[in-house]
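Let's take a walk through this structure together. Please keep the sequence and the 3D view side by side as you read.

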Amino acid sequence: MPSLNRAQLRELTRIVGDRGVRSDAGARSAYESDGFMLERATPEVVVLPRTTEEAAAAVRILRDAGLVIVPRGAGTGLSGGARPIAGGAILGTARMRDVLEVNETDRYARVQAGVVNVHLTSACASAGLFYAPDPSSQTACTIGGNVGNNSGGPHGFRYGSTTRHVLGLTLVDSEGEITRIGGPFPDPRFGYDLLGPLVGSEGMLGLVTEVTVRLLPQPRCVETLLCLFEDLDACCDAVSEMIARRLEPSAIEILDRLTIEAVEASVLRAGYPSNAEAVLLIEVDGGADEVASTSEDLIAVATEFGAFDSRRTTDPVERKKLWTGRKGAFGAMGRIAPDLYVADVVAPRTRLREIVRVAAAACEERGLRLANVFHAGDGNLHPNISYDRRNADEVRRVLEAGEIIMQACVDAGGSLTGEHGVGVEKQKEMCMFFNDEDLDAMKALKSAFDPVGFWNPGKMIPVRGCREIHTKPLGDSVGVTP
Amino acid sequence: MTTSSFLDTAVEVAEIEIHGTSSPVALPRTEAELMALLADLRRAREAGSDFRAAFLGRGSAIGWCAPSLAGSFSGGSSSGEAANNGRATVWISTRSLVPDGATGIVEYVPGDGTLTAQAGASIETLRAAVREGGHRITPAGPRSGSTLGGILASGISSVDRYAFGPARHHVLGMRIQDASGRGPTRTGGRLVKNVTGFDLHRLHAGARGTLGAILEASLRLAPVPEAEVHVTSTPFSSAAEATAAGLELRASRMLQPRALFVRDRILHLVLGGRARQVHVELTAALEHLDAAAPHHGEDALDRAVDAARRKSALIIATAPSEVMTVVEHIERALPGSAAGLHIEPDAALVEMDSEGLRASLHGLFESVLPALDPSAVHVSLRDPSADFAQLRDVLRDRHVAPRAASEWMRRLQSSFDPAGVLRSPDFPPQEVPAS
């Protein structure tokens with residue numbers, strides 16, 4: 001297995017400083033997985049540059065040493081995309097945390113890739129602007145990581161995922177060359193739109209070191225609604241109807257009873273009611289009259305579909321509490337079991353109830369506990385299955401249920417992932433969604449940027465052909481590292 | 001050479017009028033025919049034939065978006081032989097992939113707000129179909145003579161980008177036929193949210209068919225608003241004054257327009273959304289603007305699109321904070337040019353039509369271009385006319401692409417078209433390393 005020699009290690013340390021190189025086993029073990037805990041591998045070395053230039057110089061040394069590179073932000077990803085497959089180097093952006101520019105007039109910000117998502121919104125708040133993508137992990141995840149996964153978040157319903165907000169970026173390629181693509185100009189005017197495929201490329205095309213993002217004016221009025229249901233099915237149907245009536249809030253989220261219990265029992269207690277089987281958490285923003293009209297219509301639909309109570313608040317403290325509960329829901333579920341499998345699938349918004357039922361049945365049949373908290377307005381479901389990773393049989397059952405949910409989504413016209421990415425978790429399942437020729441076209445894109453397979457190898461695109469994978473029985477294609 | 005002279009595949013070839021000139025265009029009727037045609041062309045290229053193939057829908061945007069190709073038509077060639085740097089051009093249209101009498105709609109799900117349609121589908125037909133379900137396609141307009149694939153491949157956006165962003169943001173997925181020899185490939189999906197695999201559809205949107213033909217596309221639709229109104233100011237004394245008024249409205253944040261642009265010294269606003277909100281915003285707008293009677297109704301945005309309709313010859317893209325400087329330069333150096341100017345302050349675009357450009361070419365060379373910093377202001381020419389050959393050369397030298405980006409683009413093209421069947425995109429000149 002390739003590794004760094006002493007001279008190369010010294011040179012790396014000279015470039016990025018002592019704190020920027022982690023080569024001892026203890027420090028490297030912290031990077032053996034990301035938020036997807038089922039599979040692990042330790043990198044040969046971890047390098048944490050402070051600038052684009054340092055990153056480029058580090059890439060040249062790692063390339064000369066024959067090491068492949070896994071780019072990594074905060075490691076909050078849930079698909080195993082930011083961990084090594086076997087050895088290689090982690091090139092992390094954790095020390096690249098500067099907001100380089102906030103331009104109020106032209107409404108953009110330029111940041112280093114390691115800037116934490118919520119810090120960007122804080123940095124532009126005084127200018128009356130905000131950065132729209134708001135993943136639940138936004139207090140920890142980085143803008144570079146968001147670019148890698150094309151992250152969404154609750155407010156993606158109205159504002160879209162990361163790809164709609166990236167105006168430009170700086171990429172370090174496998175030659176260690178620095179390239180700036182796009183910029184504050186709103187529309188690329190010649191050549192191909194390289195930003196399009198780079199966003200969401202899961203670190204497989206190069207290392208993103210700087211990002212220019214679009215900022216939006218803060219809405220003049222914001223109202224948060226909480227609609228309470230006795231039945232999860234009815235709650236799902238209400239969302240489908242809101243979409244069908246073309247109502248346009250900024251976020252529509254569903255939390256089920258188990259999730260509510262976990263949140264209310266935690267330090268993130270949000271005041272969710274204990275007498276509801278499911279709640280709809282909705283946010284509406286815009287002009288005051290738009291917000292009032294839309295809120296009234298949304299509550300009317302909720303009532304029509306069986307909501308037994310609906311609450312409204314424009315109070316910032318109340319609103320923040322409601323959203324803190326929602327965004328902390330995954331963490332709160334630590335009270336239920338030591339580990340949590342956070343599935344991430346997408347269903348057409350007309351078929352939410354059907355997929356939620358499939359998930360419930362798959363878990364019930366396998367004796368698993370399921371909690372639902374998801375971006376209902378986008379059809380992006382997160383069935384969360386509690387388990388204990390020390391129990392190999394339970395792990396097997398969890399993965400089996402996960403695969404059944406994915407297959408049901410694909411069969412219904414949905415997809416494998418809405419915001420967490422493919423990584424290693426869903427690599428083989430790509431063949432549920434794409435055929436060999438589709439994947440060949442993706443390989444062609446990968447080769448154009450990375451002809452030698454230097455960046456994040458072994459992710460997203462299955463190594464074997466789909467025809468071969470399809471001959472394996474269901475459940476057998478998911479590998480579990482003991 | 002005619003389109004069919006070296007083809008084994010029996011593909012219908014029709015003479016189609018493009019820009020007033022009759023040209024032969026291959027019209028495959030099935031995806032299998034298109035694949036076979038591309039296989040023929042690949043063999044012909046490998047055997048040494050010197051031509052390039054170009055895809056089109058109905059040809060409505062050829063002159064607008066493909067200067068290197070459209071040049072052949074203005075040069076008077078009837079067969080396209082002069083096109084593409086002296087090479088013959090084999091034109092292939094995707095419009096006949098939609099069977100006679102069919103709409104080309106693969107799936108319209110009103111409850112999900114998504115549409116999947118064949119690339120050759122008429123945009124008018126699609127707009128009418130989704131209108132019945134209370135939806136709109138972004139970009140608004142052009143309303144006639146275009147196909148869905150043509151619009152997406154051309155990278156055309158419209159004045160509704162103020163609220164909805166460029167058209168490519170609304171593409172959820174595509175089916176593509178490239179020239180590599182593999183069958184049709186799929187990218188993305190039909191869902192409003194999806195990160196499964198690389199977003200290859202974003203690469204094809206705006207690639208002008210140089211990486212393959214779009215066969216099918218899925219779009220996120222926008223709801224038709226409850227109320228909509230088109231407001232037009234009375235003419236300002238200059239385009240700069242109208243622009244300043246637009247920038248002031250943008251900065252005030254008191255309105256949430258669907259569109260905001262200046263055309264011929266008149267500021268246009270489209271307000272849309274919930275009826276109560278539109279009423280409040282209209283009142284505010286009329287307090288700030290000396291305006292003609294507003295036009296209310298479902299066709300308000302269409303009327304604005306019609307007012308903005310233009311054949312842009314010169315496009316100047318910059319930051320919103322630079323727009324005033326650009327407009328003032330143009331008006332100072334080119335008196336009387338305001339009539340041909342189209343300005344979108346938020347998208348930071350200033351566009352000039354061919355007539356205005358022709359009348360002010362000298363002043364543009366002497367005064368305007370030297371005053372605009374190439375690192376902050378990007379100028380591109382869309383009119384293929386020989387009158388602007390010198391300007392074209394000057395502009396090519398103003399902007400360079402990073403070396404690596406150029407290399408990635410070239411590799412992408414050779415991956416999707418290894419035999420060089422398809423025409424080359426107009427790549428910008430490559431950056432020369434400093435050393």
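Let's begin with chain A, whose domain assignment lists domain 1 (6–92), domain 2 (99–217), domain 3 (221–332), domain 4 (337–426) and domain 5 (433–467); such bounds come from an automatic or database domain assignment. Bear in mind that this is a predicted model, in which local features need pLDDT of at least 70 and side-chain atom pairs count only at pLDDT 80 or more, while totals for chains, interfaces and linings use all residues. Residues are numbered from 1 along each chain as its sequence is written, and chains are lettered from A and ligands numbered from 1 in the order in which they are written.

Look at domains 4 and 5 of chain A, whose centres, taken over C-alpha atoms, are 25 Å apart. Here 6 residues of domain 4 of chain A are in contact with 4 residues of domain 5 of chain A (contact means that the C-beta atoms, placed from the backbone, lie within 7 Å). The domain 4 side consists of 4 nonpolar, 2 polar and no charged residues. In this scheme Ala, Val, Leu, Ile, Met, Phe, Trp, Tyr, Cys and Pro count as nonpolar, Asp, Glu, Lys and Arg as charged, and the others, Gly among them, as polar.

Now turn to the meeting of the two chains, where 63 residues of chain B are in contact with 72 residues of chain A. On the chain B side, helix 15 (403–416) is one of the elements that supply at least two residues, and helix 15 of chain B gives the most, with 8 residues. (Helices, H or I of at least four residues, and strands, E of at least two, are DSSP runs numbered from the N terminus.) That side of chain B divides into 30 nonpolar, 19 polar and 14 charged residues.

What does helix 15 of chain B pack against, and at what angle? Its partner is helix 16 (residues 436–449) of chain A, at about 150° with the axes 8 Å apart. (Axes are lines fitted to C-alpha atoms, for helices over the stretch in contact, and angles run from 0 to 180 degrees between N-to-C directions.) That makes helix 16 of chain A roughly antiparallel to helix 15 of chain B, a term for angles over 145 degrees. The residues in contact include A:Leu445 and A:Phe449 from helix 16 of chain A and B:Trp408 and B:Arg411 from helix 15 of chain B.

Within chain B, helix 8 (residues 239–252) and helix 11 pack at about 170°, with their axes 9 Å apart.

Conventions:
Angles under 35 degrees count as roughly parallel, over 145 as roughly antiparallel, 65 to 115 as roughly perpendicular and the rest as oblique.
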